[in-house]
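Please look over the sequence and the model below before reading on.

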Amino acid sequence: MLKKIPVDQLCLGMHLQAFCGAWLDHPFWRTRFVLSDPADLALIRDSIVREVWIDAAKGLDIEAGLAQPVETVESAAAIPPEAPVIQSRAAFSDELKRASKIVTLGKEAVASMFQEARMGKAIEADAAAPLVEEISNSILRNPGALISLARLRTADDYTFMHSVAVCALMIALARQLGLDEPATRAAGMAGLLHDLGKAMIPLEVLNKPGKLTDEEFTLVKTHPEEGHKLLLAGSGSSDMSQDVCLHHHEKIDGSGYPKGLNGQTISLYAKMGAVCDVYDAITSNRPYKAGWDPAESIKRMAEWQGHFDPVVFQAFVKSLGIYPIGSLVRLESGKLGVVTEQNEQSLLKPRVRVFFSTRSQAYIRPETIDLARSAEKIAGREDAAKWGIKDMDLYWAGDKA
């Protein structure tokens, strides 16, 4: 018997089944545990969550005669879902603030999941469903905000943030490909779980600042199969998540791993995972190298023969833009700027925040130019190092960078 109760009736020893209300308002990324720590109880009571579901069969019940549940159901499946909120289009700057919280909590969720895997605990994949829903909703409100923000990370938290970023990229790509919402959410979950096997790789190898030895690289290449084993041994993972986890390093020419599949035998979802995984990896700062510029990354990926499915890759480019947010571009006037937002009507006419003149080789007062409403045009990509430009992300992400 599951019971919905006010948080002031919650006490140590009760089995917490679910929070009521928006996931971002919850004090923990997941539920379904017995409350044993007074600090956890205090966090719940101090949050804006007012009601929770408890499982009286797995923990203490409310005291008979002293309290009455708000509602009761027979099983977790019978808990009524929260009413869906229609996601209205949001300005990039507004969504950036909201996305910042989602990314932070998402990183904590993935770190917790990896830690549990290292400790030998069974993975409960469906516990991450509310996180995937929040990421999906953010992309509905403004596709560029969370995807761009998730790219900003330190080398130390790469593995966790990479999972959040690939989740977001998979959702955007799924919508570009015209998948329905259940399949889109499933693709997001697959992206979140795709690198779970890295929890089984020693940290000194995973975070090594220099080039891996042949033996270390062979060890790292076991992570798809290790992750697949974890998902099979756990609960709540879909066939899609298991497929993407196992096959996101396959290539259409058959030269990938672990199974050497080709364009005919790799699933659509694994092809999607391959593109999203590589893009986020090469645009991110790693322990051993700085990330490439987003636009440069798109260009290089387009040149790799036999790696990606062409249809999936073209849809990926459309979902991000030829000049993704954060790309440094040179306008025909000689001004340098960073792309801050895409234009849905034209991949070649994003909003650009200009801040440097190549003619005077000096910084200028920052100004946002909407290329869809300007005679200015992009002349090409630029390398920030060539002009001695640092902290470029500050021009589009502000204090979030």
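This is a predicted model: local features need pLDDT of at least 70, side-chain atom pairs count only at pLDDT 80 or more; totals for chains, interfaces and linings use all residues.

Residues are numbered from 1 along each chain as its sequence is written, and side-chain values use heavy atoms, with hydrogens and water left out.

**The largest pocket**

- The largest pocket has a volume of about 1200 Å³, where a pocket is an open set of points on a 1 Å grid over the protein atoms alone, with protein on both sides within 12 Å along at least five of seven lines, and a volume is the space filled by probe spheres set on the points, which are joined across faces, edges and corners.
- Its lining counts 34 residues, of which G21, H26, E82, P130 and E133 are the closest to the centre; a lining residue has an atom within 4 Å of a point.
- Two or more lining residues come from each of β2 (15-19) and α3 (129-141), and α3 gives the most, with six; helices (H or I, at least four residues) and strands (E, at least two) are DSSP runs numbered from the N terminus.
- By class, this lining has 19 nonpolar, six polar and nine charged residues, with Ala, Val, Leu, Ile, Met, Phe, Trp, Tyr, Cys and Pro counted as nonpolar, Asp, Glu, Lys and Arg as charged, and the others, Gly among them, as polar.

**The second largest pocket**

- About 980 Å³ of space lies in the second largest pocket, and among its 37 lining residues F217, H249, Y257, R286 and Y288 are the closest to the centre.
- Helix α11 provides the largest share of this lining, five residues, and the lining as a whole has 15 nonpolar, ten polar and twelve charged residues.

- Five strands form an open antiparallel sheet in the order β9-β8-β7-β6-β10, where two strands pair if DSSP finds at least two bridges between them.
- β9 (362-370) and β10 (378-381) stand at the edges with a single partner strand each, so one side of each is left without a neighbour in the sheet.
- Strand β8 (residues 346-357) pairs with β9 in the antiparallel sense over six bridges, and V352 has I369 in β9 as its bridge partner.

Note on methods: On a 1 Å grid over the protein atoms alone, a cavity is a set of points where a 1.4 Å probe fits but cannot get out, and a pocket is an open set with protein on both sides within 12 Å along at least five of seven lines; lining residues have an atom within 4 Å of a point.
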